[in-house]
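Colleague: Before we rely on any label in this model, I would like to go through how each one was reached. Could you set the values against the cut-offs for me?

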Amino acid sequence: MEKGEEAMKAAVFEGIGNVSVKSVPDPQVEPGGVILKVEACTICGTDIRIFRNGHKKVSFPWILGHEVCGTVVEAGKGANVAIGERVAVMPGAHCGNCVYCVNGRRHQCALKKSIGYQLPGGFAEYIALPPEFVTHKMLVAVPEGVASKHAAIMEPIGVALHAHDRIDTRLNDSVVILGAGPIGAIHYEIARLRGAMKIIVADIKDERLEIMRKHYPSAILVNSRKVDLENFVKEQTNGLGADAVIVSNSSPEAQVQSIRLAAARGRVMFFGGLPEDRRIIELDSNIIHYNDLAVYGLNGTTMKNNYQAMEILKMGLFNMDAIVSHEYPLDDIQKALELVEKGETMRVAINPHL
């Protein structure tokens, strides 16, 4: 950090629906830890839910933001990281010792420390990361040619890759994605790369469907508010239903509907978390039983999937203009949050140094 600096700017979430950009004390580096100059922190749907509803792991006032790309500007004693290296951050550092970590499920670590939750997040000029992020290799080098606003979404790409590993999206599958937002676009890209034969993307907002249509002309797009989605999927799949259905939104109704869209022996992924006050839903379990469906939940990703995500970005395999559509300075975070909340855009990046 620059000599003589005593404070940095950060977006401080003061309470439900209340955020202000102000000066806060500079973060301090720990032995073995690092400080990053934040170059991009993208707004996740989880950030919006916390902004509007709070979260049991977040105590206001707080700095949110967990999808971070930045440059190392300070390294604590013993940290094996080069000053000036640009990295994307896996936001949750695991302990390495609990039963989940020992059994290869580090993303479910009971003692995990996550930025934006237990640790101050990335909607700030700088962010301090404790030594676990270095020793457990949670900082992934960003190759030249990969924009910081794209590298920041390494983690959501990794989570989506994890989801497709779980439901085993495969060659010649028919896939339905419920939600045409940035995560829906990521799921579309992955399903395409894994060889899906037919990919149907449904949403209730024409604006997002038009963005998808612009970037993915071969996608089968449908407004499920205007069209009977169950009949539409049956028509597109010779009356069978989809091999895989991914609920890529936070709608209870979409989760309920998803099992009716799947073919016999289909796989259904509940990818989006639900609002706390709407998390109890009623499913027709006979459909699951008699159609031999597999219904999955998923939260988090693996180290392997994060490194795969960065390789995808390096190789240019995704159309990133379809996924990250806007970039704003920190001072405009209220505007950016409202834009994301309207659901008429894709991923929005905050660059605190614009």
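Modeller: Let us begin with Arg-265, which counts as exposed because its relative accessibility is 63% and the class begins over 50%. This is a predicted model, and the values that follow are computed from it.

Colleague: What makes the contact between Arg-265 and Asp-292 a salt bridge?

Modeller: The side chains of Arg-265 and Asp-292 come to 2.9 Å, N to O, and since the rule asks for a side-chain nitrogen of Lys or Arg within 4 Å of a carboxyl oxygen of Asp or Glu, the pair qualifies.

Colleague: Is Arg-267, by contrast, buried or exposed?

Modeller: Arg-267, which is also found in strand 14, is buried, because its relative accessibility is 8% and the limit for that class is under 20%. From Arg-267 to Gly-179 there are 88 residues in sequence and 17 Å in space, C-alpha to C-alpha.

Colleague: How do you know that strand 13 is paired with strand 10 and with strand 14?

Modeller: Pairing requires at least two bridges between the strands; strand 10 (residues 174–178) and strand 13 are joined by four, while strand 13 and strand 14 are joined by five, so both pairs meet the condition. In each pair the strands run parallel. Val-247 in strand 13 is the bridge partner of Leu-178, and Val-247 also stands opposite Phe-270 in strand 14. From strand 13 the chain passes through helix 9 (residues 252–261) to strand 14, in a β-α-β crossover that is right-handed.

Colleague: Why is strand 13 called mostly covered?

Modeller: Strand 13 spans residues 242–247, and five of its six residues are buried, which means that each of those five has under 20% relative accessible area.

Colleague: How many salt bridges does the rule give, and what makes Asp-165 and Lys-304 one of them?

Modeller: The count comes to 16 salt bridges. For Asp-165 and Lys-304 the closest N and O atoms are 3.7 Å apart, so the pair falls within the 4 Å cut-off. Asp-165 belongs to helix 5 (residues 154–167) and Lys-304 to helix 11 (residues 303–315), and the pair links distant parts of the chain, 139 residues apart. Asp-165 counts as partly exposed because its relative accessibility is 33%. Both residues belong to a network of salt bridges that also links Asp-168, Arg-170 and Arg-194.

Colleague: What about Lys-226 and Asp-206, whose side chains meet in a salt bridge?

Modeller: Their N to O distance is 2.5 Å, so this pair too is within 4 Å. Lys-226 lies in the loop between strand 12 (220–223) and helix 8 (229–236) and Asp-206 lies in helix 7 (residues 206–215), so parts that are 20 residues apart in sequence are tied together. Lys-226, with a relative accessible area of 60%, is exposed, whereas Asp-206, with 34%, is partly exposed.

Colleague: Finally, which residue classes make up the lining of the second largest pocket?

Modeller: The lining has eight nonpolar, two polar and two charged residues, and the pocket has a volume of about 200 Å³. Helix 3 gives the largest share of the lining, three residues. Among the lining residues are Phe-133, Lys-137 and Tyr-307; Phe and Tyr count as nonpolar and Lys as charged.

Key
Residues numbered from 1 in each chain as written. Predicted model: local features only at pLDDT ≥ 70, side-chain atom pairs only at ≥ 80, totals over all residues. Heavy atoms only, no water. Buried < 20%, exposed > 50% of the residue type's maximum accessible area, 1.4 Å probe, protein only. Helix = DSSP H or I, 4+ residues; strand = E, 2+ residues; numbered from the N terminus. Right-handed = clockwise from strand over helix to strand, strands pointing away. 1 Å grid on protein atoms, 1.4 Å probe; cavity = no way out; pocket = protein on both sides within 12 Å on 5 of 7 lines; lining within 4 Å. Points joined across faces, edges and corners; volume = space filled by probe spheres on them.
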